Amino acid sequence: MTPEQMLDVAVEEARKGLAEGGVPIGAALFSSDGKLLGSGRNRRVQNDDPSVHAETDAFRAAGRQRGYRSTTMVTTLSPCWYCSGLVRQFNIGALVIGEASTFHGGHDWVAEHGVKVTVLDDKRCVAMMEEFITAKPEVWAEDIGE
């Protein structure tokens with residue numbers, strides 16, 4: 001699978017989250033051969049749980065793996081420090097990001113620690129976040145810890 005095809009899975013998760021009234025961030029974890037291991041979305045609002053970010057939801061959905069170095073985490077938005085820590089902690093080998101213009105998280109830091117980072121600057125991801133931030137600035141501020 002191409003990074004763009006993998007991102008399509010995360011975008012669909014983000015759209016589901018938005019439709020549920022949540023923050024439109026989606027993620028997916030793939031094996032090195034392109035198999036989808038798990039996908040998820042930010043469910044902070046839906047579950048009333050601040051720890052359910054898209055990346056953690058996808059990671060949990062993937063279940064226990066013997067190792068993560070050969071996996072790729074795909075996310076619609078640059079990961080916050082919490083999710084960047086997840087990538088580092090479990091030695092996920094690659095990170096594909098839909099966009100980093102509305103929020104620049106910890107992806108430079110994970111790159112400095114050997115993670116292959118690709119930022120796609122996907123217009124769908126940018127538009128989804130810009131619209132959400134404009135419509136619900138208080139929820140967005142809560143999500144990023146402001």
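In the predicted model, strand 3 (residues 72-77) and strand 4 run parallel to each other and are paired over five bridges. Within this pairing, threonine 72 has alanine 94 of strand 4 as its bridge partner. Strand 4 itself, which spans residues 94-99, is mostly covered, with six of its six residues buried.

Strand 4 also pairs with strand 5 (residues 116-119), again in the parallel sense, over four bridges. Here valine 96 stands opposite threonine 118 of strand 5. Helix 5 contains alanine 111, a residue that is partly exposed, its relative accessible area being 36%. Between alanine 111 and alanine 94 the separation is 17 residues in sequence, while their C-alpha atoms lie 8.9 Å apart in space.

An antiparallel arrangement is found for strand 1 and strand 2, which are joined by five bridges. In this pair, alanine 27 has glycine 40 of strand 2 as its bridge partner. The two strands form a hairpin with five residues between them, and in the turn glycine 34 adopts a positive phi of about 85°.

Helix 3 (residues 54-62) is largely enclosed by the rest of the structure, because seven of its nine residues are buried, a residue being counted as buried when its relative accessible area is under 20%. The buried positions of the helix are Ala54, Glu55, Thr56, Asp57, Ala58, Phe59 and Ala62. The elements that cover these buried residues include strand 1 (26-30) and strand 2 (36-41), together with strand 3 and helix 4. Just after helix 3, glycine 63 takes a positive phi of about 75°.

Positive phi values also occur in residues other than glycine, including asparagine 91, for which phi is near 60°. Asparagine 91 is located in the loop between helix 4 and strand 4, where it is partly exposed, with a relative accessible area of 35%. Aspartate 121, which is not a glycine either, has a positive phi of about 50° and belongs to the loop between strand 5 and helix 6 (123-135). With a relative accessibility of 53%, aspartate 121 counts as exposed, whereas asparagine 91 is partly exposed.

Rolling a probe the size of a water molecule over the atoms shows where empty space is left. The count comes to one cavity of 30 Å³ or more, and the volume of the largest cavity is about 110 Å³. A total of 13 residues line the largest cavity, and of these Ile25, His53, Ser78, Cys80 and Asp143 lie nearest its centre. By residue class, the lining of the largest cavity divides into eight nonpolar, three polar and two charged residues.

Conventions. Residues numbered from 1 in each chain as written. Predicted model: local features only at pLDDT ≥ 70, side-chain atom pairs only at ≥ 80, totals over all residues. Heavy atoms only, no water. Buried < 20%, exposed > 50% of the residue type's maximum accessible area, 1.4 Å probe, protein only. Pairing = 2+ DSSP bridges. 1 Å grid on protein atoms, 1.4 Å probe; cavity = no way out; pocket = protein on both sides within 12 Å on 5 of 7 lines; lining within 4 Å. Points joined across faces, edges and corners; volume = space filled by probe spheres on them. Nonpolar A, V, L, I, M, F, W, Y, C, P; charged D, E, K, R; others polar. Contact = heavy atoms within 4.5 Å.
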